[in-house]
Amino acid sequence: MRVVLLGTAAGGGFPQWNCACALCAAARDGKLPSRTQECAAVTGNGRDWWLLNASPDLRAQLAATPALWPGPGPRDSPLRGVLLTDAEADHVSGLAALRGAAGLKVYAAPPVRAVLGPARAALDRYAPWEWADSLADGGFVLAGGLVVTAHPMGARIPKYVPAQAPVPAGPWVTAYRVEDLASGGVLVYAPCVGVWSPVLDELCAGADCVLLDGTFFAADEMGTVGRSGAGQAALGHLPVTGPDGTLAALARHPGPRRIYTHLNNTNPLLDPASPARAHVSEHGAEILPDGSELLLQVCRPDRTPTRPARRDPGETP
């Protein structure tokens, strides 16, 4: 299984277009590396690629990743579809860049598919796509030999949904467990975590690599850059540090490779020379740049590859 981190920043990217904080200023001066908005791509065979979320920066991310370039035919593409973790604008806006690509399949939780109804109708006018329930019993198998299950992570509704609008019941935010049938290697992809749960503990315990929500380093981070608001809890992201932070939770799972993504422009982890980065590194977690590629070729004898009860027609491992 190959995983490419197409983008690793939170909404707005880094530097953020309307922010003059010290970190953004340093990025504009070339002192810190810029980052595009969070998105990843995964494949089990090097030919069939699936996007994990669809960033507003998707066009540039695809252009910067040779494995995702079109060919050999004029309109051939290795992209087979998208797995959405939520309906946030910075995770679904990139779908528009894929319009006209026939035969794509998009997986999402029922509330996400419902709120995207108008966008789905518009995209289907360019070329019909298949929109599938990511939470269907038994999970699903992706072309390329990847077994996927989605797991509820929260119920935060995107801000663009009107407060008075009727909203579907069910989880709005999910994490994905992606397993390579050939090797048994497991990726956990959870870029949005509002509350740490026993489900997430179980996912991390059985993973070889965890891509985790690293939006905020500290619980008071938004206030330290002069912004007001309800705080990170209302934004649906646990901080990295603190007694209830994700770093303390990850300490219970030293086995998998642990990588933070979805970094907000206020996060000191963006600076490789910062004490924050040193602290996270000392605890065994990583911050990687855009474009990083991970190769999961571990065959663990203690785990038999999972086969879901349901397989989509035409999709064989």
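Select Glu-130 first. Its relative accessible area is 45%, so it counts as partly exposed. That label covers the range between buried (under 20% relative accessible area) and exposed (over 50%), computed with a 1.4 Å probe on protein chains only.

The model is predicted: local features need pLDDT of at least 70, side-chain atom pairs count only at pLDDT 80 or more, and totals for chains, interfaces and linings use all residues. Residues are numbered from 1 along each chain as its sequence is written, and side-chain values use heavy atoms, leaving out hydrogens and water.

What joins Lys-105 to Glu-130? A salt bridge, with the closest N and O atoms 3.3 Å apart. The term means a side-chain nitrogen of Lys or Arg within 4 Å of a carboxyl oxygen of Asp or Glu. Glu-130 sits in strand E6 (residues 130–133) and Lys-105 in strand E5 (residues 105–108), so the pair ties together parts that are 25 residues apart in sequence. Strands are DSSP runs of at least two residues (E), numbered from the N terminus. Lys-105 is buried, at 5% relative accessible area.

Next, select Glu-179 and Arg-177. Their side chains form a salt bridge, 2.8 Å from N to O. Are these two residues buried or exposed? Both are buried.

Last stop: Glu-286 and Arg-257. Here the salt bridge spans 2.6 Å, N to O. Glu-286 belongs to strand E13 (residues 285–287) and Arg-257 to strand E12 (residues 257–261), so this pair ties together parts 29 residues apart in sequence. Glu-286 is partly exposed at 24% relative accessibility. Arg-257 is partly exposed too, at 37%.

How many salt bridges does the rule give? The count comes to 7.

Conventions:
Helices (H or I, at least four residues) and strands (E, at least two) are DSSP runs, numbered from the N terminus.
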